[in-house]
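Trainee: I have a structure open here and would like to go through it with you. Shall we begin?

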Amino acid sequence: MARGIVLPDNGRLFEIRFESVGGLGAHAAGQIVASAAVLRMGLNGSHFSSYGSEKKGSVVRSFVRLAAADRAIRTSAPIELPDVVVVFHSGLLAHPATIAGIRAAGTLIYAGNDGEVPEGLCRLPATTKVMRVDAQTIAIEEKSRPNAVLIGTLTAALPFLDRQAMLNTLEDTFAGRHPEAVAANERAFRRGAEEFEIIENIGRIEGDLPRLSSNPLWGYRTAPIGGVLPTPGNTAHNDLHTSRNGWMPVLDADKCIHCGMCDMVCPDLCLVWSTHTDDDGKPTVTLDGIDYQYCKGCMRCVETCSTLAMTREAETPGKANRLRVPLFPELMQATGGKHVT
Ligand code: SF4
Ligand code: SF4
């Protein structure tokens, strides 16, 4: 066990919040960090996660609190004023809730492609340290997961975290269930600890960010009588692009025979069809493309397509916007088309 670990002297608990979507491994990451701190670094620690719906791609927050061994951790409330926020998908930075409450002296780590600096970063405090790591690409190259990369970057950001203790805990976590992943995770971890970029002069805010205020639009005093939903059909505003793990389906219209098999298996109804009249005056239906706002990248359409018209391609910044065929063009006009990044 590593001894003599000294936490930053902030007079309170040291708090880390992982911001992610289901499927990227944020819960496991929090578990590994807290386990390493408690079992191998002699600290006190606690960890838990909160989830949206069970569906892959919904928001997941994972919370880690650390304290010196002689200081008890007596709260299990969600972390509202974190010292560190780790963002597993750069698309999440479009939502102010992702960075809410971050401290001016804190650190933000986000997974983003080379050169990717999301607009949302300007809402950070000017003094917050910002680190970018291409967790997705490293994970794909090393046949690992983004969480291993991001834990590596976290150890680089927080020198008091014992790197070897973290690595040993990462290894123990997978040695039993996925022994083949141990070496890959170690490579991903080490690259995460080295291949990050520090983004300078990006935040514009003075002081700590305020915590996210919780003022539900509808509480027991204000809910419409009878539980009526006055805005039905609001799933049209869903945005599942953060569910994709670096890959997207792409349609080659020249190879498509419009058989509809992909539409039968797509769980999110994101394929866009149009009706025409052929030369004989008969109605025909053709596949026009994909609305990537609703596509979570499950690749069922690719696996089902018998003509190879639908293929899996690496997703690069802006590609989904370029190839997107909107399912609801009128909605796109109303929102300025800002759903997919
Ligand atoms: S399964 Fe393939 S060929 Fe059939 S409609 Fe879909 S993309 Fe076109
Ligand atoms: S990958 Fe294909 S099947 Fe899966 S959600 Fe996207 S369009 Fe639908």
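This is a predicted model: local features need pLDDT of at least 70, side-chain atom pairs count only at pLDDT 80 or more; totals for chains, interfaces and linings use all residues.

Trainee: Is C295 buried or exposed?

Mentor: Residues are numbered from 1 along each chain as its sequence is written, chains are lettered from A and ligands numbered from 1 in the order in which they are written, and side-chain values use heavy atoms, leaving out hydrogens and water. Buried means under 20% relative accessible area, exposed over 50% and partly exposed in between, with a 1.4 Å probe and protein chains only. C295 has 6% relative accessibility, so the residue counts as buried.

Trainee: How many disulfides does a search of the whole structure find?

Mentor: A disulfide is a pair of cysteine sulfur atoms within 2.5 Å. Searching the whole structure with that cut-off gives a count of zero.

Trainee: Which side chain makes a polar contact with the side chain of E15?

Mentor: Good one! E15 has 11% relative accessibility and therefore counts as buried. A polar contact is a pair of N or O atoms within 3.5 Å; within protein, one must be able to donate a hydrogen and the other to accept it, and residues adjacent in sequence count only if both atoms are side-chain atoms. At 2.6 Å, the partner of E15 is the side chain of R65.
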